[in-house]
Amino acid sequence: KTKGRCRNVVKSQRPYFQHNVRSHNHLHHNPSTLEANSKPRTVMSLLQYLRSDLFYIFIDAVFFVFFISLMISKKNYLTHSFFLLSLLTIKITLFIGFRPFDAGNDTLPYMHAFNALNGVSTAREIGTQAYGNTDASGGVEYLYWPFAAFIKTFISDSFRFFLVLSIILSVSLTYIGNKMIVTSENNTIWPKKIALSIILTYLVFLSYEVAYFGGHIRSALGLPLAFISYIYATKKQHFKSLTFFLISVGFHNSSITIAPLLIMELLGLTLKQSKKSTLAIVSTFCLLFFIGSLYGLDSILKDISVYYSSRYEAYMNMEFNITSVFSTGYFWIISLHITAFLYFGYKKIHLYAFYYFALVLLFSATPKISERYFAYILICLPLLLFESLRMRFGETKSLLIVCTTCLASGLLVITSDGVISTLDIHSFMTK
């Protein structure tokens, strides 16, 4: 018997990182629902068109035009930044903030739990019970439900407004994390740093991160907070790092996985590019791939935490759409990026991606766990590729290569079953 929400899972869970045929089960409604929704059909048709794969690609095409314009002119950084930021805001608001409440697996439970909240003091107990997450994570994630209850005091029962606000906050935190690295790694004028940070943040949401942030509200807040915590640790600002770490764990328990990186920074352990470092990294990947292909992780996790051991067992027994994380397209895309880092060059910040890729391999026997670490890598993958290529090709060429690569990968995303289902995007291209 499993605990929490996992015990209620009967149907198979749809991964975000799989490319296959779309299921149309969510299109079947009862007659009363169709009759009730018959009046606003014209408005919904317009919204359905705006939330289609064609409009999604149109926004990306406009972004590319502004990007090329900026690369050619190399001036008016603030003006270009305004338009690029506007495109990013429109995209995340329309496709994530305005997704139907029955899209994906988790949005509807989030809405029911949000509606049940009646105060900050009782939010954690009521939220975990209503959402169904009554296992140990209800005690670990001590901030999300009070945060939701606090916001509710200002917006009443408008869950739609809460969705929009949540994703804007999540993307803003992602931007802050990327900008912190851009600022420390690039000696350029601040308007150019702002433009570069916005571009790299937009590229993050060309990937499957757009679906992950659309399906996991708690993790979409906890993940960028954990990333910021690590950046502060690399800057030796350990108090700020600890503060953001505790906040991130309060939003989602998976953020605790950043702890080993914070400890390494606290101990002063560094990563410098060398043949020995590269050999050690590759050897570690091979070792963890071998360990991850076995089923002995449960005994290891039992020694660490009863909670994580039970979660591992639950995911092991859960019916899932993919039988191997290696069958997903984005595993190989991430693998190619990791290879590029090792070939073209890497810095201390690249250790973050190496670490989470190692976790992907370690938990490869359990795809439901392994695929979740994709999101931790994708949040800064364009930035890390840019920093790696910049050592060989210079800033302009590197940014153009990164942007082209992300746009090409984005075509895989928008035709993916996981993205279409999670965000309930109307697809013209997959019909």
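Leaving aside neighbours within four places in sequence, which residues is Ser 409 in contact with? In this predicted model, Ser 409 touches Tyr 330 and Ile 333, where contact means heavy atoms within 4.5 Å. Residues are numbered from 1 along each chain as its sequence is written, and side-chain values use heavy atoms, with hydrogens and water left out. Because the model is predicted, local features need pLDDT of at least 70 and side-chain atom pairs count only at pLDDT 80 or more, while totals for chains, interfaces and linings use all residues.

Ser 409 sits in helix α23 (residues 395–414); helices are DSSP runs of H or I with at least four residues, numbered from the N terminus. With a relative accessible area of 11%, Ser 409 is buried (buried means under 20%, exposed over 50%, partly exposed in between, with a 1.4 Å probe and protein chains only). Its C-alpha atom is separated by 7.5 Å from that of Leu 206, 203 residues away along the chain.

Beyond residues up to four places away in sequence, Tyr 356 touches Thr 257, Ile 258, Leu 261, Tyr 373, Tyr 376 and Ile 377.

Charged pairs come next. The structure holds seven salt bridges, each a side-chain nitrogen of Lys or Arg within 4 Å of a carboxyl oxygen of Asp or Glu. In one of them, the closest N and O atoms of Asp 60 and Lys 91 are 2.8 Å apart. Asp 60 belongs to helix α3 (residues 53–73) and Lys 91 to helix α4 (residues 77–97), so the pair ties together parts 31 residues apart in sequence. Both Asp 60 and Lys 91 are buried.

Glu 387 forms a salt bridge with Lys 347 (3.0 Å, N to O) and another with Arg 390 (2.9 Å, N to O). Glu 387 is buried at 0% relative accessibility, whereas Arg 390, at 23%, is partly exposed.

Methods. Helices (H or I, at least four residues) and strands (E, at least two) are DSSP runs, numbered from the N terminus.
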